[in-house]
Amino acid sequence: MIVGISRTTAEWEVALGEAVRTLRLRANTTQADLARQANVGISALRALEQGRGSSLATFIPVVRALGREDWLDALAPPAAVSPLAVLAESRRSEQGRRRRASPRASAQP
């Protein structure tokens, strides 16, 4: 893989699977033990490690069982700006743009 070139979905699946497998082996844990800890099927774990397609429902508990929640945090960092604050500011700005009719304009015949 050349740095700076986008990976395909299949390449990401393989890379993430290899990373999960490496972590599992470093932890000296069998696939059966990790699957049990993560409460996922062993076949689902094997598919994940082999990059043969997996779901977030498998990936997330496996990553958590391996103690790597930081991976998940990196995927979905907290919003720097609250969406509700943006909406409120937008509404305030829009109200400021609306002009009220002047008293003279309404008093004209």
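1. Helix α4 is followed by G67, whose phi is positive, near 75 degrees. Helices here are DSSP runs of H or I, at least four residues, numbered from the N terminus. The model is predicted: local features need pLDDT of at least 70, side-chain atom pairs count only at pLDDT 80 or more, and totals for chains, interfaces and linings use all residues. Residues are numbered from 1 along each chain, and side-chain values use heavy atoms, without hydrogens and water.

2. Helix α4 spans residues 56-65, and its buried residues (under 20% relative accessible area, 1.4 Å probe, protein chains only) are T58, F59, V62 and V63. They lie on the same side of α4, because they cover an arc of only 115 degrees around the axis, taken from the directions from the helix axis to the C-beta atoms. On the other side, L56, A57 and R64 are exposed (over 50%).

3. The buried residues of α4 pack against α1, α2, α3 and α5. Contact means heavy atoms within 4.5 Å.

4. S54 sits in the loop between α3 and α4. S54 is partly exposed, at 37% relative accessibility (the class between buried and exposed). S54 touches E13, A44, L48 and F59, leaving aside residues up to four places away in sequence. The C-alpha atoms of S54 and E13 are 7.8 Å apart, though 41 residues separate them along the chain.

Definitions and conventions: Helix = DSSP H or I, 4+ residues; strand = E, 2+ residues; numbered from the N terminus.
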